Amino acid sequence: MNSYVDLALKEKKPFFLWYAPFLPHQPHTPPQRLLDKYLPKAPTEYIAKYWAMCEWFDETCGQLFDMFEEKGLTENTLFVYVCDNGWVQEPNKNTYVKTSKRAPYDLGIRTPIMYKCR
């Protein structure tokens with residue numbers, strides 16, 4: 001991403017950046033430091049891995065914001081954060097609770113969106 005943003009800055013052109021990582025989807029392979037943080041707090045290892053993946057995603061978004069800050073790009077920039085409806089981790093398997101993705105209730109339709117502009 002750095003080289004793409006640097007090229008846009010060099011050419012003094014507006015740009016659009018779409019950051020769409022696969023996090024926190026499977027496979028749940030978080031960094032050990034994050035897994036170690038959640039293992040004592042979660043009821044099972046599967047849930048700890050999912051929570052660690054969610055934090056890893058948060059970290060990568062923060063790194064992207066930091067890059068924009070370091071390059072002086074936070075003015076006149078719109079950040080839009082959108083994600084899918086997430087899931088509820090199955091406590092004893094490496095999958096989600098089926099009703100969390102398919103229910104027409106809260107767990108199946110929540111889709112957060114956040115705008116940040118300065």
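Here are some notes on this predicted model, going from the overall layout to the aromatic pairs.

1. Overall layout. The protein has five helices and two strands, and from the N terminus the order is α-α-α-β-α-α-β. Of its 118 residues, 31% are buried. If you take contacts between residues at least 6 apart in sequence, 59% of them join residues at least 24 apart. The accessible surface is about 8,300 Å², with 58% of that belonging to carbon and sulfur atoms.

2. Helix 3. This one covers residues 45–70, so to speak the part to look at next. Its 26 residues reach 37 Å from first C-alpha to last, close to the expected 38 Å. Just after helix 3 comes Gly72, with a positive phi of about 70 degrees.

3. What helix 3 buries. Its buried residues include Ile47, Tyr50, Met53, Phe57, Leu64 and Phe68. Even Glu55 and Thr60 are on the buried list. And what covers them? As a reminder, an α-helix has 3.6 residues a turn, so residues three or four places apart point the same way.

4. Leu78, Val80, Val82, Ile113 and Tyr115 make a patch of about 520 Å². Strand 1 and strand 2 (113–117) are the elements that give two or more residues to the patch, and strand 1 gives the most, with three. Take Val82, which is found in strand 1: its relative accessible area is 53%, so Val82 counts as exposed.

5. Helix 2 to helix 3, ring to ring. There are seven aromatic pairs in total. One of them is Tyr38 with Trp51, an edge-to-face pair at 6.1 Å centre to centre and 75 degrees between the planes. Tyr38 sits in helix 2 and Trp51 in helix 3, 13 residues apart. Which of the two is buried? Tyr38 is, at 15% relative accessibility, whereas Trp51 is partly exposed at 34%.

6. Helix 3 to strand 1. Phe57 and Tyr81 form a tilted pair, 5.9 Å centre to centre with 45 degrees between the planes. Because Phe57 lies in helix 3 and Tyr81 in strand 1, this pair ties together parts that are 24 residues apart in sequence. Phe57 has 12% relative accessibility, so it counts as buried; Tyr81, at 24%, is partly exposed.

7. An aromatic cluster. Ring pairs also link Tyr4, Phe15, Phe65, Phe68 and Phe79 into a cluster. Phe68 is one of the buried residues of helix 3 as well.

Notes: Residues are numbered from 1 along each chain as its sequence is written. This is a predicted model: local features need pLDDT of at least 70, side-chain atom pairs count only at pLDDT 80 or more; totals for chains, interfaces and linings use all residues. Side-chain values use heavy atoms; hydrogens and water are left out. Helices (H or I, at least four residues) and strands (E, at least two) are DSSP runs, numbered from the N terminus. Buried means under 20% relative accessible area, exposed over 50%, partly exposed in between (1.4 Å probe, protein chains only). Contact means heavy atoms within 4.5 Å. Accessible areas come from the Shrake-Rupley method with a 1.4 Å probe; for residues, only the protein chains shown count as cover. The expected span of a helix is 1.5 Å times one less than its number of residues. Patches are made of residues with over 30% relative accessible area and no salt bridge: like charges are joined within 9 Å, nonpolar side chains (Val, Leu, Ile, Met, Phe, Trp, Tyr) within 5 Å. A salt bridge is a side-chain nitrogen of Lys or Arg within 4 Å of a carboxyl oxygen of Asp or Glu. Rings of Phe, Tyr and Trp (its six-membered ring) pair if their centres lie within 6.5 Å; planes under 30 degrees apart count as stacked, over 60 as edge-to-face and the rest as tilted.
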